[in-house]
2 protein chains.
Amino acid sequence: MNDQSKFSPLKRGATIGILGDGQLGRMLSIAASRLGFKTHIYGPNKNGPAIHVCTKSTTGPYEDLDAIRDFAKDCDVVTYEFENVPEFTAKAAMVSAPLRPGLSALTTAQDRLVEKTFLRDTAKVPVAAFEDITSIFDLTRAVKKLGYPCVLKTRRFGYDGKGQYVIKSEDDVKTAWAAIKEQPAILEGFVDFKREVSIIAARGKNGEMAAYPLIENVHKNHILHTSTAPADGHGGKAQAFARDILKKLDYVGVIGVEFFEMKNGDLVVNEIAPRVHNSGHWTQNAGCIDQFELHIRAITGWPLGQIQLKHGVQMTNLIGADIEALDTFAHEPDTFIHAYGKKEVRKGRKMGHVNRIIYVPRGKLNR
Amino acid sequence: MNDQSKFSPLKRGATIGILGDGQLGRMLSIAASRLGFKTHIYGPNKNGPAIHVCTKSTTGPYEDLDAIRDFAKDCDVVTYEFENVPEFTAKAAMVSAPLRPGLSALTTAQDRLVEKTFLRDTAKVPVAAFEDITSIFDLTRAVKKLGYPCVLKTRRFGYDGKGQYVIKSEDDVKTAWAAIKEQPAILEGFVDFKREVSIIAARGKNGEMAAYPLIENVHKNHILHTSTAPADGHGGKAQAFARDILKKLDYVGVIGVEFFEMKNGDLVVNEIAPRVHNSGHWTQNAGCIDQFELHIRAITGWPLGQIQLKHGVQMTNLIGADIEALDTFAHEPDTFIHAYGKKEVRKGRKMGHVNRIIYVPRGKLNR
């Protein structure tokens with residue numbers, strides 16, 4: 001559990017350690033610098049996006065615990081940009097610096113079974129029906145219980161649609177089990193959703209909380225394509241669920257909570273990301289404190305500050321060769337470019353994003 | 001002269017060299033990263049503000065021309081964050097990479113006599129009457145010509161009110177000459193101004209130009225205290241003067257032009273800064289492309305893009321111990337913190353700034 005009830009704000013010029021050298025680390029580092037903090041990035045890539053805009057960096061594998069300990073000794077607080085930081089790495093860092101969000105958030109989000117069980121039984125938020133799968137026998141039984149279609153998901157390392165298989169009939173059961181390489185998994189009841197929405201929220205010192213308005217997300221090929229905020233509809237219920245999750249995790253920092261919205265308007269929590277989240281990148285150009293600064297404020301014990309959108313924003317991810325069209329975006333009015341400095345263009349690789357200001361009536365901006 | 005009529009846009013991932021490791025370099029580096037560029041900082045301070053957020057840095061004196069040449073070889077374009085880069089340093093860099101803004105902008109702005117002569121005779125914009133002073137005899141004669149009060153200013157290295165002396169009567173003449181250590185100087189007729197205003201403008205590839213609205217500046221102890229934009233009144237005339245200056249300097253990049261506004265509304269150009277400018281820091285939170293990105297766009301041959309303010313902003317400099325109140329600012333709604341990461345708090349030292357959103361009727365935002 002975290003120590004947010006007693007921690008005092010980090011001093012000016014303190015060093016924030018970030019595990020991970022990707023674009024989230026990059027944007028966290030920039031936000032940290034705005035508040036006068038130094039950053040130290042630890043990651044496996046010597047040319048990772050975060051390396052270009054940090055005070056200091058250490059290149060190494062997450063398994064090198066001596067290097068991790070040295071890194072943490074140089075930091076006043078350590079955070080992470082992705083939830084698959086190994087537990088032993090996090091623990092090695094924690095010997096020398098507080099880890100925020102804490103270990104429980106990390107281990108919960110790393111394992112779909114632990115995550116879903118936490119959401120259902122501890123946070124008590126609505127989730128799809130799910131079953132623990134460790135064998136083909138489990139799977140056969142669970143499929144009968146949940147009915148068709150249903151979705152088989154590996155417990156670990158699934159993202160952007162990887163490690164998932166939709167089972168539509170009895171014929172798919174064996175194929176699905178082979179497709180996910182017989183790894184420990186969960187089977188989820190199919191959620192016939194109307195749209196995907198998310199909430200970016202934060203919890204800080206003394207349990208103070210903040211949440212941005214509801215976000216509508218559209219995926220293409222299982223990768224986030226656009227996030228639009230504020231989304232139509234009222235975010236109150238989704239924000240309340242996010243707050244329940246933050247509280248029960250005794251969380252410090254920014255969290256992303258993804259929901260399915262059903263035809264009747266009911267919400268089902270799909271997953272949580274214990275970090276800044278792609279669906280929150282629009283906050284950089286909404287005229288308010290962005291999710292990166294909000295996270296830095298939370299983990300350093302600063303006040304979260306007020307979040308009041310000045311206009312709506314639509315974020316579009318630039319995937320693979322999309323990045324080649326920067327010149328076109330550069331001509332567009334009210335369009336803001338955020339490139340990640342990745343050299344190699346690969347299919348499906350997140351290369352950057354653009355935020356476009358959209359018109360939203362004032363009364364619908366912050367609710 | 002520059003080569004902006006023929007240069008093609010820098011490629012993704014290109015390296016921008018910045019001479020100077022201060023806060024302007026810091027914010028230029030962040031803007032460059034947003035567009036996917038790498039940065040290389042050259043400056044004398046191994047812990048300068050820009051060093052915390054750059055891809056690469058070289059620490060050394062501006063006089064080490066071998067180091068400057070090596071630095072420039074690593075860069076696709078070189079720019080500077082302050083106008084007192086020695087001419088020989090600029091020339092050494094230019095051997096290996098284009099310098100933008102060009103040498104003529106630099107040498108013009110380094111010397112008040114050259115600058116005022118350029119403004120009056122080449123750009124043909126209004127300036128205060130001035131005289132070239134190289135001796136006490138020049139000064140005695142010029143004082144008679146311009147009348148009391150008048151202002152003696154060193155030709156070089158004057159900023160934040162340093163190197164200036166107001167001559168109110170005959171008794172002050174010798175004192176003034178001694179006070180500025182008998183350096184080459186100019187004597188300026190006193191301008192009885194109503195307020196100080198400025199324009200931040202840019203010129204890019206093919207002579208494309210852009211200018212933000214009029215800014216009102218208030219100084220305290222000769223240091224900029226607040227900049228408010230858009231200022232009351234119409235910026236058209238000031239923007240037109242800025243455009244004349246950009247054109248006549250064959251300029252590429254962002255320029256700051258400071259004006260005195262007389263009681264009758266007439267404008268007099270006080271000085272130009274061939275770089276991003278403290279009075280343009282509010283652009284970071286106005287819902288448009290900020291001056292730092294605008295400069296990077298200009299010097300890399302990108303389109304300047306459209307500049308449409310979404311709201312007014314007041315910038316307040318945090319000088320010396322002002323930085324200790326960050327926690328107070330962090331609680332304020334619609335207030336954005338920009339700290340420079342400077343360790344030592346010194347009287348008169350620029351430690352950061354805050355941008356506060358202010359209400360401006362929509363029709364008055366962009367004119």
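**Helix packing and the two-chain contact**

In helix H4(A), the residues A:Thr107, A:Thr108, A:Ala109 and A:Gln110 meet A:Arg112, A:Val114, A:Glu115 and A:Phe118 of H5(A), where contact means heavy atoms within 4.5 Å. Helices here are DSSP runs (H or I, at least four residues), numbered from the N terminus. The model is predicted: local features need pLDDT of at least 70 and side-chain atom pairs count only at pLDDT 80 or more, while totals for chains, interfaces and linings use all residues. Residues are numbered from 1 along each chain as its sequence is written, chains are lettered from A and ligands numbered from 1 in the order in which they are written, and side-chain values use heavy atoms, with hydrogens and water left out.

H4 of chain A covers residues 103–110 and H5 of chain A residues 112–122; they pack at an angle of about 110 degrees, with their axes 5 Å apart. Axes are lines fitted to C-alpha atoms, for helices over the stretch in contact, and angles run from 0 to 180 degrees between N-to-C directions. H4(A) is therefore roughly perpendicular to H5(A), a term for angles of 65 to 115 degrees; under 35 counts as roughly parallel, over 145 as roughly antiparallel and the rest as oblique. The contact of H4(A) with H5(A) has 3 nonpolar, 3 polar and 2 charged residues. Here Ala, Val, Leu, Ile, Met, Phe, Trp, Tyr, Cys and Pro count as nonpolar, Asp, Glu, Lys and Arg as charged, and the others, Gly among them, as polar.

In chain B, helix H2 (residues 65–73) and helix H3 (residues 87–94) pack at about 40 degrees, and their axes are 8 Å apart. H2(B) and H3(B) are therefore oblique to each other. On the H2(B) side the contact is made by B:Leu65, B:Ile68, B:Arg69 and B:Ala72, and on the H3(B) side by B:Phe88, B:Thr89, B:Ala92 and B:Ala93. By class, these residues are 6 nonpolar, 1 polar and 1 charged.

The chains themselves come next.
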